[in-house]
Amino acid sequence: MKILAIETSCDDTGICILEVKKSGKSDIFKILANNTNSQVKIHREYGGVFPALAKREHQKNLPILFEKTLKVAKTKIEKIELIAVTSGPGLEPALWTGIVFAKELSEKYNIPVIPVNHMEGHIFSIFPKNSKTFKINSSEKIFPMLSLLVSGGHTELILVKDWQKYKKIGQTRDDASGEAFDKVARMLGLPYPGGPEISKLANIERENSALGRLGSATARARGIFQQKNIRAPQSTISSEITLPRPMMYSKDFDFSFSGLKTAVLYLIRDLKEKNPNILEENNTKQKIAREFEDAIVETLVYKTIKAIKEYKIKTLIVGGGVSANTYLQEVMKKEIKSNMLKTKVHFPTKSLTGDNAIMIAIAGYFQYKNKKVKKNLDSIKAKGNLSL
Ligand code: KG4
Ligand code: ZN
């Protein structure tokens with residue numbers, strides 16, 4: 001069957017067409033066409049996503065991308081058997097544009113529609129690798145699975161007991177990790193989205209510093225990762241530039257990044273009091289970026305490993321925009337190994353770390369297999385706070 005998927009939850013307009021065929025216990029997916037139109041440049045001058053503008057851009061982009069996608073897929077709308085559309089969470093005005101577009105196609109061509117949870121999409125985003133076809137074997141023993149979802153709006157740990165059986169075991173109590181990256185980038189005068197910018201600076205600082213790739217001095221000094229054989233070298237990060245790891249040792253699996261963001265604000269204020277030009281000197285921006293990224297990554301990895309141990313997790317899936325962070329990928333894999341865990345770790349291929357329609361198509365297909373097609377189109381609504 002051919003599935004058309006639409007994603008408009010934030011600032012990326014995504015449309016794709018996938019073809020799915022059953023083969024024994026596996027589903028074989030073929031990506032016939034996939035188009036994503038990023039609005040990053042438009043939102044950059046606002047330092048974040050501006051909902052009314054996002055809505056206008058989605059409305060403008062959807063018909064163009066739709067035609068382009070059909071053309072690339074060499075198919076016609078009449079051949080589409082299912083439409084999957086993101087219904088939440090996200091920005092409601094943006095979500096509505098995709099939903100209205102899906103409903104219009106549904107009515108005109110009599111195609112069923114499946115509303116998809118965007119976060120569930122991020123979980124499914126790890127299945128396609130770097131080729132046009134991929135396979136999902138539903139009988140594979142991958143459960144219990146844990147998903148760390150890290151994006152601009154979310155930071156959560158989801159326990160996946162079986163296909164589509166989700167239990168949220170932890171979440172941020174305030175800012176999402178991506179949001180913290182974006183806000184701190186702004187304080188450092190870096191453009192939106194801040195994650196890749198901070199990451200770039202942090203990596204330069206790591207490479208320049210004698211600490212190399214062994215992790216931060218703060219982490220080792222506190223012994224948080226129980227690595228016994230690494231001698232703590234002298235930190236080359238100025239002792240002035242240290243940040244907290246909020247809620248790292250709390251008994252639950254929750255996170256908090258708002259205090260960390262405020263700590264960066266005060267740190268910059270204090271440094272500037274001594275030297276107004278400090279941010280432009282001595283690689284200070286780089287050093288702050290590194291300490292900030294260390295703080296976020298250490299907290300995310302520490303809590304994830306704790307959950308893996310507690311729930312005897314077989315498979316870890318990391319998804320969402322922040323999963324593109326190379327230091328998070330590196331530390332997560334390294335710490336799972338050094339904690340002697342057999343957990344298989346999956347990050348999405350680079351092009352699918354951010355928002356895209358492919359992940360919505362896959363999640364939609366699984367809903368379809370569970371007979372979740374909505375007969376009544378009126379029941380499909382944008383839900384900004386939809387939860388897993
Ligand atoms: O999943 P996503 O594309 O959109 C939402 O659903 O929010 O995530 C966007 C977020 C932004 O906050 C962005 O700064 C962050 O992902 N991000 C990163 C990196 N690339 C994107 N954060 C850290 N490191 C990165 N390399
Ligand atoms: Zn997302």
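Tutor: Begin with the shell. Ligand 1 is surrounded by 19 residues. Gly152, Asp182, Gly195, Gly321 and Asn325 are the closest of them. Keep in mind that this is a predicted model.

What classes of residue make up the shell around ligand 1? Twelve are polar, five are nonpolar and two are charged. Three helices each supply at least two residues of that shell: α4 (118-124), α5 (177-187) and α6.

An oxygen atom of ligand 1 lies 2.8 Å from a backbone N or O atom of Gly152. For Gly178, a backbone N or O atom sits 3.1 Å from an oxygen atom of the ligand. His118 uses its side chain: an N or O atom there is 3.5 Å from an oxygen atom of ligand 1. How much of ligand 1 does the protein cover? On its own, ligand 1 has 550 Å² of accessible area, and the protein covers 86% of that.

Asn325 is among the residues closest to ligand 1. At the start of α10, a side-chain oxygen of Asn325 comes within 3.1 Å of the backbone nitrogen of Tyr327.

Next, α10 itself. This helix covers residues 326-338, which makes 13 residues. After the helix comes Met340, with a positive phi near 55 degrees.

Which residues of α10 are buried? They are Tyr327, Leu328, Gln329, Val331, Met332, Glu335 and Ile336.

Beyond four places in sequence, Leu328 contacts Val150, Val297, Leu300, Val301, Val318, Val322, Ser323 and Phe347. Asp175 is 153 residues from Leu328 along the chain, and their C-alpha atoms are separated by 18 Å.

Gln329 is also in α10. Is Gln329 buried or exposed? With a relative accessible area of 18%, Gln329 is buried, because the cut-off for buried is under 20%. The side chain of Gln329 reaches the backbone oxygen of Ser323 at 2.8 Å. Leaving out residues up to four places away, Gln329 touches Ser323, Ala324 and Phe347. Ser323 and Phe347 are also on the contact list of Leu328.

Ser258 is 67 residues from Asn325 in sequence, and their C-alpha atoms are 20 Å apart. Ser258 belongs to helix α8 (residues 258-274). Asp175 is the residue whose C-alpha was 18 Å from that of Leu328.

For a comparison, look at another helix, α11. This one has twelve residues, 358-369. From first C-alpha to last, α11 reaches 17 Å, close to the 16 Å expected at 1.5 Å a residue. How many residues of α11 are buried? Ten of the twelve are, so the helix is largely enclosed by the rest of the structure. The buried set runs Ile358, Met359, Ile360, Ala361, Ile362, Ala363, Gly364, Tyr365, Phe366 and Gln367. Lys371 follows α11, with a positive phi near 60 degrees.

Ile114 lies in β5 (residues 113-117). Ile114 counts as buried, because its relative accessibility is 0%. Setting aside neighbours within four places, its contacts include Gly364 and Gln367. Leu82, Ile83, Ala84 and Val85 are also among the contacts of Ile114.

Strand β4 (residues 82-88) also holds Ser87. At 5% relative accessibility, Ser87 counts as buried. Its contacts beyond four places in sequence include Pro115 and Val116, along with Leu95, Ile99 and Leu386. Lys381, Ala382 and Lys383 are on the list for Ser87 too.

Terms used: Residues numbered from 1 in each chain as written. Chains lettered and ligands numbered in written order. Predicted model: local features only at pLDDT ≥ 70, side-chain atom pairs only at ≥ 80, totals over all residues. Heavy atoms only, no water. Helix = DSSP H or I, 4+ residues; strand = E, 2+ residues; numbered from the N terminus. Expected span 1.5 Å × (residues − 1). Buried < 20%, exposed > 50% of the residue type's maximum accessible area, 1.4 Å probe, protein only. Polar contact = N/O pair within 3.5 Å; in protein donor to acceptor, adjacent residues only side chain to side chain. Near = heavy atom within 4 Å. Areas by Shrake-Rupley, 256 points an atom, 1.4 Å probe, with all protein chains shown as cover. Nonpolar A, V, L, I, M, F, W, Y, C, P; charged D, E, K, R; others polar. Contact = heavy atoms within 4.5 Å.
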